[in-house]
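Good morning, colleagues. Please look at the structure on the screen.

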Amino acid sequence: MDRGQLTLLGSAACVMLTMHFSVQLLSQHLFYWKNPKEQKAIIIIILMAPIYAVDSFVGLLDIQGSKTFFMFLDSIKECYEALVIAKFLALMYSYLKISISKNIVPDEIKGREIHHSFPMTLFQPHTVRLNHHTLKLLKYWTWQFVIIRPVCSVLMITLQALGLYPSWLSWTFTIILNVSVSLALYSLVVFYHVFAKELAPHSPLAKFLCIKGIVFFCFWQGVVIDVLAAVGVIRSHHFWLDVEHIEEAIQNVLICLEMVVFSVLQQYAYHVAPYSGDVESKMKLNKKRE
């Protein structure tokens, strides 16, 4: 077997492991289906790792693909990332019994202070009181990315396919998307800081790091790989590919490896224990009766 086949085999093993851990956790939540609103959000979040792994493996299978093809694969991951961020905030709202659609905000959390930092203070007061309007605003800040990401993806892929995608336009889309995702993540951080004490029993930091970690590694390792290729550290004679495709290959292999780690971490962060208590006690009681 040559290096290319060994890489594909190793990556396939990583994808299978990621699928195993994710499906295991998914099946546990489906078996102990106690809180549909929360567990639907959890299922969407835990599927992030296998979707990233499968997407990256497809990129390895067709590593000689065009820029448009790789842009399409990246768009799938990033559009799903946008949905996951929005669902994570919805999960935090559910933990605190907040419902924007039903206009439900518990009295004990009304009036709390939200402290904004720069550059948000250019558009918002430094300190605002928490109410239905501010909670709705935080929700809009996450959902704007869910809308902007796929719209930009369609435009970028179409323009790339038509050959109308100069570097200045690429940078324009990059800036727009970075501002959009930063605003979405900012709303999560603000919400966590305000309700850190109430959310503590639900391990929100571990849950958030499973999402942020995937996004962080996928983005910054791509930047590092681009820099290494630009300065000549990564060269074509080191691999079985030309330099243009080496960066994509290394990025995809790393993502396949990392998703195994995150699928294991999700076993702890999104454990089924909070929903399995009543069911397990009933099953034990039935066994005793038998």
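Predicted model: local features only at pLDDT ≥ 70, side-chain atom pairs only at ≥ 80, totals over all residues.

**Helix packing and annotated segments**

Helices α5 and α6 are roughly antiparallel to each other, because the angle between them exceeds the 145 degree cut-off for that description. The angle itself is about 160°, and the two axes lie 9 Å apart. Helix α5 covers residues 132-161, while α6 covers residues 167-194. As for handedness, the crossing of α5 past α6 is left-handed. What is the make-up of this contact by class? The contact of α5 with α6 comprises 20 nonpolar residues, four polar residues and one charged residue.

Let me turn to the annotation. An unreviewed UniProt entry lists four stretches under "transmembrane region": residues 41-61, 140-162, 168-192 and 213-234.

Finally, helix α8, which runs over residues 204-230 and has 27 residues. From its first C-alpha to its last, α8 reaches 39 Å, close to the 39 Å expected at 1.5 Å a residue. Where does α8 bend? The bend is at K212 and amounts to about 25°. After α8 comes G232, with a positive phi near 90°.

Thank you for your attention.

Notes
Residues numbered from 1 in each chain as written. Heavy atoms only, no water. UniProt positions renumbered as here; feature names shortened; annotations may be inferred. Axes fitted to C-alpha atoms, helices over the stretch in contact; angles between N-to-C directions. Helix = DSSP H or I, 4+ residues; strand = E, 2+ residues; numbered from the N terminus. Parallel < 35°, antiparallel > 145°, perpendicular 65-115°, else oblique. Left-handed = near helix turned anticlockwise from the far one by under 90°. Nonpolar A, V, L, I, M, F, W, Y, C, P; charged D, E, K, R; others polar. Expected span 1.5 Å × (residues − 1). Bend = angle between axes of the 7 residues up to and from the residue.
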